[in-house]
Amino acid sequence: MASKTKVAAFPKIKEIKTFIIQGVGSGGDYHNVKGGHWLIDSKIATPMSGYEDYRKSRTSWGINVLGSFCVEIEATDGTKGFATGFGGPPACWLVAEHFKRFLIGADPRDTNQLFEMMYRASMFYGRKGLPVAVISVIDLAIWDLLGKIRNEPVYKMIGGATRERLWFYCTGPEPASAKEAGFTGAKVALPFSPGEGPQGMRKNIEYLKQKRSEVGPDFPLRVDCYMSLNVPYTVELVEKCKDLDIDWWEECLSPDDFDEQALLKRAHPTVKFTTGEHEYSRYGFRKLIEGRNIDIIQPDVMWVGGMTELLKVSAMAAAYDIPVVPHASGPYSYHFVVSQSNCPFQEYLANSPDGKSVLPVFGNLFTNEPIPTKGYLDITELDKPGFGLEINPSAPLIDAAGILNPAPRKSLEPPPQEESGKATGVA
């Protein structure tokens, strides 16, 4: 006999607001920090390193040009979800003038449907980059909202715990400090690019030898190449560093060089290559995963399409036994990693100017952001509704409604019939 019991009504999305962040050092744009910070002003190879004028600082060519933004989604019961990412005023514009129409009045549980509508509606100008990053932050705010309505942490809603403790490796300029702090491994940025010639190659090798000597032979040491290399240079560099036992070489090529990843693997079949932080959506990751030329994929949940899309990417990778180690993203990644059996550990991106101390990833945006201690985080620290993050009352948030210009007219009015006739020569 069919039950007559009805499910409880669920709150709908009532309003969505966006904010930008005044100043630097707070929010989801990792690179919008004060001058002198290791992340922007130390010697790091980039796709722009081939131009001498843009080698000294990553801000010289605009890595922080967008800045942070935040999304707040309010439900009809007054509950609010919140998330941050990168995109600044352009991101706020896309939310207000494009994506908002798909959200107001929607059931926030319909995460797959909401993602698909936003993704498909922006397909003509999106698919990668800023539009998908904006969708990502909206999606994270929805998951935060769901957790708060249900009074559950996000990780419990996406599969539950697969471990009791989350271990971290540290990305920063001082791997010896990371080892001393208890991290399970360290990753350093490659300093020189192919555009800096044979001397740059020698300096890269010297730098990596120095870092290996600082941490000893048994500590995992990884290298981030930040899309700055090409196939011949990578093959040569890896060959000359084989005695250093580099654990993995990350993002050596342009994110769109899917086929050339195969050339790296063919040249060095026993070396681990990783990539994915600048890939967007399941469609790009499908090519990376099916090619089996990547040993670990590294999506960023604030860029890939949010938690909704990351779960699809992770499931696809699990079917090929490819581990997923997300790029940074603080607690948004922590909830994901602890729920997935094919995610062995998590990256911590050193947020201190000298890269030696452990600080909140999102600066002063939240009052209670969990950070690793002795290289790990007990998952009980994640047992709060949603992502568990409380907005700092003194965070420098600016309501974007006050900075956005009036939108274009929703549709153009047809010309008066008389004028239309003149234009076409019809009496």
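This is a predicted model: local features need pLDDT of at least 70, side-chain atom pairs count only at pLDDT 80 or more; totals for chains, interfaces and linings use all residues.
**Largest cavity**

On a 1 Å grid over the protein atoms alone, a cavity is a set of points where a 1.4 Å probe fits but cannot get out, and lining residues have an atom within 4 Å of a point. A volume is the space filled by probe spheres set on the points, which are joined across faces, edges and corners. Residues are numbered from 1 along each chain as its sequence is written, and side-chain values use heavy atoms, without hydrogens and water.

The largest cavity holds about 180 Å³ of space. Among its 17 lining residues, L39, R58, D224, Y226 and L349 lie nearest its centre. The lining divides into eight nonpolar (Ala, Val, Leu, Ile, Met, Phe, Trp, Tyr, Cys and Pro), three polar (the others, Gly among them) and six charged residues (Asp, Glu, Lys and Arg).

**Largest pocket**

A pocket is an open set of points with protein on both sides within 12 Å along at least five of seven lines. The largest pocket contains about 340 Å³ of space. Its lining comprises 17 residues, with W61, I63, F86, Y226 and H278 nearest the centre; by class, 11 are nonpolar, five polar and one charged.

**Confidence**

The chain has a mean pLDDT of 95, and 96% of its residues reach 70 or more. Over residues 423-427, however, the pLDDT is below 50.

Key
pLDDT is the predictor's confidence in each residue, from 0 to 100. Contact means heavy atoms within 4.5 Å.
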